[in-house]
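The stops below are meant to be selected in the order given.

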Amino acid sequence: MRQTWRWFGPHDSVSLRDMLQAGVEGVVSALHHVPTGAIWTPQEIAQRQSEIAQLPSGAPSGLAWEVVESLPVSEDIKRQDGDWRAHIAAYTRSLENIARTGIKVVCYNFMPVLDWTRTDLHWPRPDGATCMRFDLVAFAAFDLFILQRPGARDDCPAEIADLATARFALMDEGARAALARNVVFGLPGAAQQVTLSDVRQHLAAYDAIPAQRLRAHFIDFLSEVVPVTERLGLRLCCHPDDPPFDLIGLPRIMSCEQDFTTITTEVDSPANGITLCTGSLGARSDVDLAGMMERLGPKVHFLHLRNVKREGTRWPGSFYESRHLEGDVDMVAVMDAALREEARRKAEGRADCSIPMRPDHGQDILDDLSRAAQPGYPAIGRLKGLAELRGILTALSHPTIRAPSTQFWP
Ligand code: DNO
Ligand code: MN
């Protein structure tokens with residue numbers, strides 16, 4: 001497994017040196033400043049590559065840009081309207097430009113309107129750490145009373161609506177504004193101040209698009225893009241919905257193992273793969289992550305290894321991002337299955353047998369608590385997660401534990 005780390009570019013408060021000290025082997029990055037639907041030019045890609053390859057002192061960092069996350073899919077492509085054809089052409093051009101640089105893995109997602117969604121970005125834990133959390137009741141309060149979405153009442157179970165009503169009544173203006181900010185944080189372009197009326201407009205545009213139709217659009221997109229991707233020697237890998245259930249009336253179609261099986265079977269190619277994010281799918285108790293790694297192994301091109309703790313038994317329900325080895329995901333079992341997949345690839349003589357993984361998010365701990373970073377992406381919390389995962393990797397790869405026939409290191 002390749003130990004990678006997400007870097008948001010030169011403005012990221014977590015530096016290349018931080019990554020080196022964390023023992024990172026490869027970098028995951030994206031051109032966040034390029035608008036969705038536009039082409040990633042060779043110049044822009046080359047600039048990010050050199051920003052990663054060189055420390056501010058000018059010395060080589062020894063790191064390279066190994067995974068693109070994300071090359072975003074536009075809302076027009078998802079809805080098949082507006083400029084969707086031009087956006088697919090641009091997507092293909094971006095893939096060509098990425099392939100020329102030697103990067104092999106490109107992650108993306110197919111969530112309409114919202115990307116990952118939380119109600120708390122810094123939820124206090126008893127030990128003083130903070131983490132991200134999705135609280136079903138707070139989210140219902142957002143939907144019912146802040147967004148005031150027509151239809152929200154019908155989608156919400158009565159007892160949750162009652163709790164949300166009581167909760168909202170207790171929130172002061174500051175708490176209400178913070179909730180609105182936290183929820184829309186995952187919106188594309190949220191940094192440029194997305195308003196609630198923008199969200200409402202987005203929602204109206206999806207009125208006539210139920211899950212079945214969204215899935216058909218996804219398959220159309222893949223049918224156009226995957227053959228090019230395969231020819232270029234690249235591997236696309238779709239990130240699961242996060243959380244993996246419908247939100248604010250929008251369909252989500254990449255939320256369980258069956259969704260991934262369907263999509264990778266409909267457009268069957270080594271270039272059409274999966275980002276197995278254990279944190280996203282771990283919010284559901286009915287997803288067997290180690291089994292999924294085992295069954296869909298050849299399609300898994302990228303691993304996001306983080307953990308969640310589900311709160312209660314209700315589904316869909318609340319959850320928080322726990323320490324990497326302490327939530328509901330059996331991380332050892334997932335990593336063991338991933339190591340077996342790597343060993344199979346090695347036995348087949350494949351060049352791409354090492355799967356890139358990253359600790360994904362981390363809790364804010366120690367000095368993270370006084371150093372601003374992208375929510376979920378602090379230096380020390382992720383370093384700790386990566387170190388714990390590395391420990392598992394080292395142990396599981398050790399000859400006293402692993403039979404030589406299933407060994408794969410690195
Ligand atoms: C959540 C994170 C996401 C992810 C994008 C991928 O688990 O990994 O921010 O990066 O949704 O497209
Ligand atoms: Mn993830």
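What covers the buried residues of α8? Select α8 in this predicted model and look around it: the cover includes β5 (120-124), α5 (136-146) and α9 (196-205). The helix itself runs over residues 173-184, 12 residues in total. From the first C-alpha to the last, α8 reaches 17 Å, close to the 16 Å expected at 1.5 Å a residue. Show side chains for Leu-179, Asn-182, Val-183 and Val-184, which are the buried residues of α8.

Next, colour by domain. The assignment divides the protein chain into domain 1, made of 2-117 + 209-310 + 319-397, and domain 2, covering 131-204. Taken over C-alpha atoms, the centres of the two domains are separated by 27 Å. Now select the contact between them, to which domain 1 gives 19 residues and domain 2 gives 16 residues. On the domain 1 side, pick out strand β11 (residues 318-321), which gives the most with 3 residues. Coloured by class, that side of domain 1 shows 10 nonpolar, 6 polar and 3 charged residues.

Move on to helix α11, residues 257-266. Which residues of α11 are buried? Select Asp-259, Phe-260, Ile-263 and Thr-264. Then turn the view to look down the axis of α11: the buried residues fall within an arc of 115 degrees, so they line one face of the helix. On the face turned away from that buried side, select Gln-258 and Thr-265, both exposed.

The last stop is ligand 1. How many residues surround ligand 1? The shell has 14 residues, and the closest are Ser-70, Asn-109, Trp-116, His-239 and Cys-277. Display β4 (105-109) and α12 (278-281), the elements that give two or more residues to this shell. The largest share, 3 residues, comes from β4. Colour the shell by class to finish: the residues around ligand 1 divide into 4 nonpolar, 6 polar and 4 charged.

Definitions and conventions
Residues are numbered from 1 along each chain as its sequence is written. Chains are lettered from A and ligands numbered from 1 in the order in which they are written. This is a predicted model: local features need pLDDT of at least 70, side-chain atom pairs count only at pLDDT 80 or more; totals for chains, interfaces and linings use all residues. A residue is buried if 20 or more other C-beta atoms lie within 10 Å of its own, exposed if 12 or fewer, and partly exposed in between; C-beta atoms are placed from the backbone. Helices (H or I, at least four residues) and strands (E, at least two) are DSSP runs, numbered from the N terminus. The arc is that of the directions from the helix axis to the C-beta atoms. The expected span of a helix is 1.5 Å times one less than its number of residues. Two residues are in contact if their C-beta atoms, placed from the backbone, lie within 7 Å. A residue is near a molecule or strand if its C-beta atom, placed from the backbone, lies within 6 Å of it. Ala, Val, Leu, Ile, Met, Phe, Trp, Tyr, Cys and Pro count as nonpolar, Asp, Glu, Lys and Arg as charged, and the others, Gly among them, as polar. Domain bounds come from an automatic or database domain assignment.
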